[in-house]
Amino acid sequence: MTDNVINWNSANGDTYACPRCNHDTAADPTSWKVFTCCNCGTRFARFPRLQRFLRHVGITCEFCTKRHPVVVDGTPYGFLRKRHNGIGTSARHQVEAWQYDTDEIPDHKDRVNYRNTCATRADALASLAHYRSFLGRVEDDFSPVLTAVVDEEFDKYDVDHLTQEQQDGLHDGTLEVYGVGVIRTHDAPSRQRGWFFPDTDTFTWGLIAPSGLEGLYTKNLPGTLAAHTPMA
């Protein structure tokens with residue numbers, strides 16, 4: 001049987017694209033796996049009749065599977081992962097929030113736990129802030145926290161106002177562009193009391209600093225960003 005698994009461009013077995021919507025979906029093309037397109041959900045294989053004997057690897061595109069580490073006060077806490085949803089002009093990008101080593105289900109799913117899917121990276125970080133408070137070592141700590149969030153809307157290739165060294169750093173990944181702001185909780189009588197949200201009025205965007213600083217900070221931001229810390 002070949003239910004729901006279609007032929008994957010038999011004339012060009014090394015293509016990265018989904019045979020139905022032509023979206024780049026296979027990070028490591030091979031004829032001996034069954035892939036799933038993150039754009040339209042199509043399952044495909046070079047030899048669909050052999051699907052029972054092939055490894056079903058699901059979604060493997062680099063955009064949807066790349067982990068973006070999140071720290072709390074410099075200690076690894078979880079990661080963000082972008083997700084591609086929809087087709088054509090209705091397509092949109094969302095951000096998944098994952099938490100490391102929760103001990104809820106030991107040795108399950110690489111010791112990570114899915115938390116939420118949000119519209120923006122700042123909202124995803126706010127979701128992690130909630131679980132840090134609600135399930136973490138500081139349960140019911142609803143005090144505001146600072147956050148450094150990657151500014152994905154910054155055009156790294158239209159940066160004539162930056163030095164050549166800064167441009168090189170942005171392009172080779174050693175520098176990143178951040179927004180810095182405060183994450184707060186909803187107060188009573190809100191039904192979302194205890195849930196954190198990014199206070200957009202406090203955010204400063206377009207700050208350049210070394211990559212790897214995205215995360216939550218309960219005390220002080222790294223020195224490279226401390227000068228831009230808003231008041232909580």
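Start by selecting Gln164, Glu165 and Asp172 on helix α3: these residues are exposed, a word that here means over 50% relative accessible area, while buried means under 20% and partly exposed covers what is in between (1.4 Å probe, protein chains only). Helices (H or I, at least four residues) and strands (E, at least two) are DSSP runs, numbered from the N terminus.

Before moving on, a word about what you are looking at. This is a predicted model, in which local features need pLDDT of at least 70 and side-chain atom pairs count only at pLDDT 80 or more, while totals for chains, interfaces and linings use all residues. Residues are numbered from 1 along each chain as its sequence is written, and side-chain values use heavy atoms, with hydrogens and water left out.

**Stop 1: the other side of α3**

Now colour residues 164-172, the whole of α3, and pick out Gln167, Gly169 and Leu170, which are its buried residues. Which part of the helix do the buried residues line? Look down the axis of α3: they fall within an arc of 160 degrees, so they line one face of the helix. The arc is taken from the directions that run from the helix axis to the C-beta atoms. An α-helix has 3.6 residues a turn, so residues three or four places apart point the same way.

Next, show β10 (175-185), which is part of what covers the buried residues of α3.

**Stop 2: rings**

Show the side chains of Phe, Tyr and Trp. How many aromatic pairs does the structure hold? There are nine, where rings (for Trp, the six-membered one) pair if their centres lie within 6.5 Å, and planes under 30 degrees apart count as stacked, over 60 as edge-to-face and the rest as tilted.

Zoom in on Trp8 and Phe35. Their ring centres are 5.2 Å apart and their planes meet at 70 degrees, so this pair is edge-to-face. Trp8 is in the loop between β1 (5-7) and β2 (33-36), while Phe35 is in strand β2, so the pair ties together parts that are 27 residues apart in sequence. Both Trp8 and Phe35 are buried.

Then select Phe79, Trp98, Tyr100 and Tyr114, a cluster linked by ring pairs. For a charge and a ring, go to Arg115: its charged end sits over the ring of Tyr131, 4.2 Å from the ring centre. That description requires NZ of Lys or CZ of Arg within 6 Å of the ring centre and within 35 degrees of the ring normal.

**Stop 3: Glu96**

Select Glu96 in strand β7 (residues 92-100). Is Glu96 buried or exposed? Its relative accessibility is 7%, so Glu96 counts as buried. Beyond its neighbours within four places in sequence, Glu96 is in contact (heavy atoms within 4.5 Å) with residues including Phe79, Arg83 and Tyr114.

**Stop 4: cysteines**

A disulfide is a pair of cysteine sulfur atoms within 2.5 Å, and the count here is zero. Select Cys38: its nearest cysteine sulfur, in Cys61, is 3.5 Å away. For Cys64, too, the nearest cysteine sulfur is that of Cys61, at 3.5 Å. Cys38 is buried at 10% relative accessibility, and Cys64 is buried at 8%.

**Zooming out**

Finally, show the whole chain, with its four helices and twelve strands. Of its 232 residues, 41% are buried.
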